[in-house]
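Here is a short briefing on one protein chain. Look over the sequence and the structure first, then work through the points below.

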Amino acid sequence: MNRTQKRWIIGAAIAAPLAIFLLFNKKKVKEITTMITTATGITNAPEFPAHLAALVKGMAAKTKNLGNIRPGSAWQGMTGTQNNFCVFENWTWGTRAMLITLRTYYNKYGLNSIIKILNRYAPATENSTSSYINFVAKTTNIPAEMVVAQNALPSIAAAMICMETGIPASYYSEVYTYVQSVNQYFKIY
């Protein structure tokens, strides 16, 4: 018996009793879900302010996906998809996914300026990329071509959230405070 076969047998031995337990103890499922959520620490995570959530328009309002992230990774807190956008359990998981996406752009692909990030994130085939770039540069006071340090990504993400969701730029500092708190909570940058 090879290693893969052994893993399948062990996995089945663990999964079968759990499935039977859950089938006959439906009331316990909610308790177990709460315990798992508490164990991940998400219950103590920053919450997106209600007055900002009320301003969110479009697909982001339906998906709790402030960055309008498309499927491609199995994101923590993702509950499915809708119209080719990830759906998240709450705003915090969606914000975390956006921040990790930007970190990947920065570290893996060398996208280290607003113009480089947004040419990939918001391609001209789907967006007015130049308007998007101008909005983020103006909102953050970071020149579009300037190479930024990785710790500037939450600032860029906050402006992108305003653009993606229709939250007015006048709320940028509040969005930034929230994004930075998610960043610090999950230790992303």
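A polar contact is a pair of N or O atoms within 3.5 Å; within protein, one atom must be able to donate a hydrogen and the other to accept it. Keep that in mind for Glu 164 and Tyr 132, whose side chains are joined by a polar contact of 2.7 Å. The model is predicted. Its average pLDDT is 87, and 77% of the residues score at least 70.

**Glu 164, a buried charge**

- Glu 164 sits in helix H8.
- Is Glu 164 buried or exposed? Glu 164 is buried, yet it has no salt bridge.
- The nearest side chain of opposite charge belongs to Arg 70, 8.1 Å away.
- Leaving out residues up to four places away in sequence, Glu 164 touches Leu 66, Gly 67, Asn 68, Tyr 121 and Tyr 132.

**The salt bridge**

- How many salt bridges does the count give? The count comes to one.
- The partners are Glu 126 and Arg 70, with 3.1 Å from N to O.
- This pair links distant parts of the chain, 56 residues apart. Glu 126 is in the loop between helix H6 (114–121) and helix H7 (129–140). Arg 70 is in the loop between helix H4 (59–63) and strand E1 (78–82).
- Glu 126 is exposed, with a relative accessible area of 51%. Arg 70 is partly exposed, at 33%.

**The nonpolar core**

- In soluble globular proteins, nonpolar side chains tend to be buried together.
- Here the largest nonpolar core has 47 residues. Tyr 121, Ile 156 and Met 160 have the most contacts inside it.
- Which elements give two or more residues to this core? They are strand E2 (85–88), helix H5 (91–109), H6, H7, helix H8 (153–165) and helix H9 (172–186).
- H5 supplies the largest share of the core, nine residues.

**Ile 167, a buried loop residue**

- Ile 167 is found in the loop between H8 and H9.
- Its relative accessible area is 2%, so Ile 167 counts as buried.
- Beyond its neighbours within four places in sequence, Ile 167 is in contact with Phe 48, Leu 52, Leu 55, Val 56, Ile 161, Cys 162 and Val 175.
- Ile 167 and Ala 53 are 114 residues apart in sequence, but 8.8 Å apart in space, C-alpha to C-alpha.

**Positive phi values**

- Most residues other than glycine have a negative phi.
- Asn 84 has a positive phi, near 65 degrees. Asn 84 is in the loop between E1 and E2. At 47% relative accessibility, Asn 84 is partly exposed.
- Lys 187 also has a positive phi, near 55 degrees. Lys 187 is in the segment after H9. At 69% relative accessibility, Lys 187 is exposed.

**Where to be careful**

- Over residues 32–40, pLDDT stays under 50.
- For residues 32–40 the model has seven contacts beyond four places in sequence.
- Where pLDDT is low, the predicted coordinates should not be read in detail.

Key
Residues are numbered from 1 along each chain as its sequence is written. This is a predicted model: local features need pLDDT of at least 70, side-chain atom pairs count only at pLDDT 80 or more; totals for chains, interfaces and linings use all residues. Side-chain values use heavy atoms; hydrogens and water are left out. A salt bridge is a side-chain nitrogen of Lys or Arg within 4 Å of a carboxyl oxygen of Asp or Glu. Helices (H or I, at least four residues) and strands (E, at least two) are DSSP runs, numbered from the N terminus. Buried means under 20% relative accessible area, exposed over 50%, partly exposed in between (1.4 Å probe, protein chains only). A nonpolar core is a set of buried Ala, Val, Leu, Ile, Met, Phe, Trp, Tyr and Cys residues joined through side-chain atoms within 4.5 Å. Lys and Arg count as positive and Asp and Glu as negative; His and the chain ends are not counted. Contact means heavy atoms within 4.5 Å. pLDDT is the predictor's confidence in each residue, from 0 to 100.
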